[in-house]
Amino acid sequence: MNATPAAGPPVLEVRDLEVRFSVKREGLLAKPAQLYAVDGVSFDIAPGRTLGLVGESGSGKSTTALAAARLIPARGGRVELDGIELLSLEGESLRQQRRNVQFIFQDPYSSLNPRLRARDVVREPLDRLGIGSPAERASRVSELFRDVGLRPEQERLFPHQFSGGQRQRLGIARALASRPKLVICDEPVSALDVAVQAQILNLLRRLQREHGLTYLFISHDLGVIQHMCNEVAVMYTGRIVEQASRVRLFTRPLHPYTKALLSSVPSADPSRDSRAERILITGDPPSPIDPPAGCRFASRCPIAVERCRSETPLLADHEPGHRVACHRAGDPIAVATSPPH
Ligand SMILES: Nc1ncnc2c1ncn2[C@@H]1O[C@H](COP(=O)(O)OP(=O)(O)O)[C@@H](O)[C@H]1O
Ligand code: SF4
Ligand SMILES: [Mg+2]
């Protein structure tokens with residue numbers, strides 16, 4: 001299913017993942033409604049590779065990652081990390097697996113305890129998970145500081161004494177402390193200045209090369225995704241609508257939504273055909289609360305047909321390694337169209 005020739009079995013295998021939230025409806029006696037945040041998501045990540053999840057805000061990227069890491073409950077599906085099914089684990093065996101999946105969040109300031117010194121911020125997961133002796137933990141912290149480009153004397157400072165970029169380095173050191181099998185980067189540079197973004201992205205790439213790290217990399221920014229990922233999955237209202245290798249997705253997108261996303265960043269790929277379809281979509285995605293039947297993009301899709309509103313398009317191989325969920329995958333779109341009303 002993964003387009004990348006894998007160096008072994010996948011590190012992460014996600015199948016039919018579903019997450020719903022109960023949300024209050026208007027009216028005192030109304031029953032809570034179901035918000036379909038993640039609705040049947042499947043993907044693999046091969047060892048040492050990066051899968052990007054891209055999509056607009058609210059499409060379910062973070063919820064997918066949180067559920068795959070067992071930080072919020074899934075309603076259904078299967079998640080295997082290095083062959084171990086995570087969704088059914090409980091108690092001590094779940095605790096043992098916690099060290100194997102770690103997060104790097106968007107805002108390192110709110111995710112780092114402001115009262116701990118930097119060395120304790122990085123060391124805390126080792127203490128909590130009971131990894132190594134006290135002396136081994138201290139030397140691991142020094143090694144991590146070096147690895148992420150922080151100086152030894154910064155170990156005793158507090159998070160607020162660091163710049164935004166340095167704080168994110170601290171967040172990265174903390175995430176790597178337990179030598180996780182999977183690192184989930186959730187918008188790791190979205191809160192940083194553009195110049196600092198490049199430094200952090202390059203650091204993440206260097207660390208991946210040196211330590212063979214496997215990343216699930218979430219971003220709404222196609223430029224960042226293009227810089228970081230081997231494989232890209234596009235999400236729209238809780239579902240993956242297209243997945244392919246980076247080169248393939250950026251040069252030969254097949255789903256109308258992916259085409260629209262790409263045409264909103266004209267410089268995303270200089271090698272892309274300059275006559276590539278330019279698609280302007282307007283309006284908002286449908287509400288994730290009791291979403292409509294059929295294709296969720298139908299209300300904004302310039303080439304929607306009757307079938308799209310009744311029959312859900314399934315994510316299927318259009319060509320080996322290029323999956324798309326669209327009844328008209330690859331059909332041309334008339335230039336400068338606006339969606340039907
Ligand atoms: N704890 C929650 N309770 C209710 N709804 C939530 C919660 N977390 C996320 N959602 C909703 O789930 C959907 C997906 O959100 P999210 O995964 O955060 O999207 P993304 O990361 O792509 O921006 C959104 O409609 C969001 O409002
Ligand atoms: S299934 Fe239909 S509505 Fe959905 S993206 Fe394809 S053509 Fe558009
Ligand atoms: Mg998010």
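The model is a predicted one, in which local features need pLDDT of at least 70, side-chain atom pairs count only at pLDDT 80 or more, and totals for chains, interfaces and linings use all residues. Residues are numbered from 1 along each chain as its sequence is written, while chains are lettered from A and ligands numbered from 1 in the order in which they are written.

Helices (H or I, at least four residues) and strands (E, at least two) are DSSP runs, numbered from the N terminus. Two strands pair if DSSP finds at least two bridges between them.

| Strands | Direction | Bridges |
|---|---|---|
| β3 (residues 50–54) and β9 | parallel | 4 bridges |
| β9 and β10 (residues 239–245) | antiparallel | 6 bridges |
| β4 (residues 76–81) and β5 | antiparallel | 2 bridges |

Val232 in β9 stands opposite Gly52. With β10, β9 forms a hairpin that has 2 residues between the strands, and Thr237 in the turn has a positive phi of about 35°.

**An open sheet**

Elsewhere, 4 strands make an open sheet with antiparallel pairing, in the order β2-β1-β4-β5. Because β2 and β5 (84–85) stand at the edges with a single partner strand each, one side of each has no neighbour in the sheet. Helix α1 packs on this sheet and touches β1, β2 and β4 (contact means C-beta atoms, placed from the backbone, within 7 Å).

**Two ligand surroundings**

A residue counts as near a ligand if its C-beta atom, placed from the backbone, lies within 6 Å of it. By that rule, 13 residues surround ligand 1, and the closest are Phe21, Ala37, Lys61, Ser62 and Thr63. The largest share of this shell, 3 residues, comes from α1. Around ligand 2 there are 13 residues, with Cys295, Cys301, Ala304, Cys308 and Cys326 the closest.

Note on methods: Contact = placed C-beta atoms within 7 Å. Axes fitted to C-alpha atoms, helices over the stretch in contact; angles between N-to-C directions.
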